[in-house]
Amino acid sequence: MVQIHVKRGEESQFLLSTTVDESVGTLVRRVTEIYNGRLKVDRICSEIPELADHGITLPPNMQGLTEDQITELKLTDEWEVKCVPSGGAEFKKDEIGRRNGHAPNDKMKNVLKKTMEEAKALISKKQVQANVCVTMDMVKEALDQLRGAVMIVYPMGLPPHDPIRMEFENKEDLSGTQASLQVIPEEEAQLWWASKEMQRGKKLQDYVGKNEKTKIVVKIQKRGQGAPGREPLVSEEEHKQMMLHYYRRQEELKKLDEADDDSHLQSEWSDRHALKRQFQGLTNIKWGPR
């Protein structure tokens, strides 16, 4: 199987296993699905701690308002009584006024946070270092784990405006956010290898040959962004190791220079001819008047 190391810019994303017979179009679709799926998992995981600490999201017309403003405008959150966490709620006010403050108890918090860590580990970038290929099934498994944990803590579900529920239902609105810049629609995705765009009408073997044991690095880009930068000859980690070795070598040479002190050669006891001169009566000779 061909192993593909997918990157975005200089940052590693995941490993993918494929064959040389796979078409580039299919490969682009698979890579994009996994790439965007991992982003979805990351977005949900970024909301889970807020859900665990401050409860469900307030309706959009109540977010950011103070209690006095809510009372003055006579606004009510109909979902507060519908979406009660298992085991009862513990009030912890959300200082930014985004969530209602009715948080799950400690046991339910642990369920959410433990599941979040497991889901993140499943599709983590560390899987590249572990030489584990990520599949779309693994991404779906991570989403299912998160969905199951939320259902355990909130059996009645989350309100329709909660970002976690919107992510699960693929109704998320990312417009105007940093997250929207990271997502790459499948029809706009491009794969680049060896500074060449891989054309959808071709097969992978047209670029890498027929060796099924090939390992390559491809970069995913949005159409119109141009060719990605070349891979550096030396990675950042290798550069750090080289600089560390150079520094240690310089310190060793400095210590050797300090230890190379030959002033003792001028001492009387180090003179090889001292005994000979003493027998010949040539010691303590001074030139000039006494």
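Predicted model: local features only at pLDDT ≥ 70, side-chain atom pairs only at ≥ 80, totals over all residues.
**Notebook: sheet, loops and pocket**

Residues are numbered from 1 along each chain as its sequence is written, and side-chain values use heavy atoms, with hydrogens and water left out.

**Sheet**

I looked up the strand order next. Five strands form an open sheet, ordered β2-β1-β7-β5-β6, with mixed pairing. The edges are β2 (11-18) and β6 (196-197); each has a single partner strand, so one side of each is left without a neighbour in the sheet. I noted that two strands pair if DSSP finds at least two bridges between them. Strands (E, at least two residues) and helices (H or I, at least four) are DSSP runs, numbered from the N terminus.

I then went through the pairings. β1 (residues 2-8) runs antiparallel to β2, and seven bridges join them. K7 has S12 as its bridge partner in β2. The hairpin of β1 and β2 has two residues between the strands, and G9 there takes a positive phi near 70 degrees.

On to β7. β1 and β7 pair in the parallel sense, over five bridges. K7 stands opposite K219 in β7. β5 and β7 run antiparallel and are joined by four bridges. On that pairing I found W192 opposite K219 in β7. Strand β7 (residues 215-222) is mostly covered, with six of its eight residues buried. Buried means under 20% relative accessible area, exposed over 50%, partly exposed in between (1.4 Å probe, protein chains only).

**Loops**

Which residues of the loop between β5 and β6 did I check? A194 lies in the loop between β5 (189-193) and β6, and S195 is found in the loop between β5 and β6. A194 is not a glycine, yet has a positive phi of about 55 degrees. S195 is not a glycine either, and has a positive phi of about 65 degrees. A194 is exposed, at a relative accessible area of 51%. S195 counts as partly exposed, at 39% relative accessibility.

I moved on to K202, in the loop between β6 and α8 (205-208). K202 counts as partly exposed, at 40% relative accessibility. K202 and G25 are 177 residues apart along the chain, and their C-alpha atoms are separated by 7.8 Å.

**Rings**

I checked K82 and W79. The charged end of K82 sits over the ring of W79, 4.6 Å from its centre. The test asks for NZ of Lys or CZ of Arg within 6 Å of the ring centre and within 35 degrees of the ring normal.

What is the volume of the largest pocket? I have about 400 Å³. Of the 19 residues that line the largest pocket, the closest to its centre are L58, L65, E67, I70 and K93. Helix α2 (residues 67-72) gives the largest share of that lining, three residues. By class, the lining has five nonpolar, seven polar and seven charged residues. Charged means Asp, Glu, Lys and Arg; nonpolar means Ala, Val, Leu, Ile, Met, Phe, Trp, Tyr, Cys and Pro; the others, Gly among them, are polar. A pocket is an open set of points on a 1 Å grid over the protein atoms alone, where a 1.4 Å probe fits, with protein on both sides within 12 Å along at least five of seven lines; lining residues have an atom within 4 Å of a point. Grid points are joined across faces, edges and corners, and a volume is the space filled by probe spheres set on the points.
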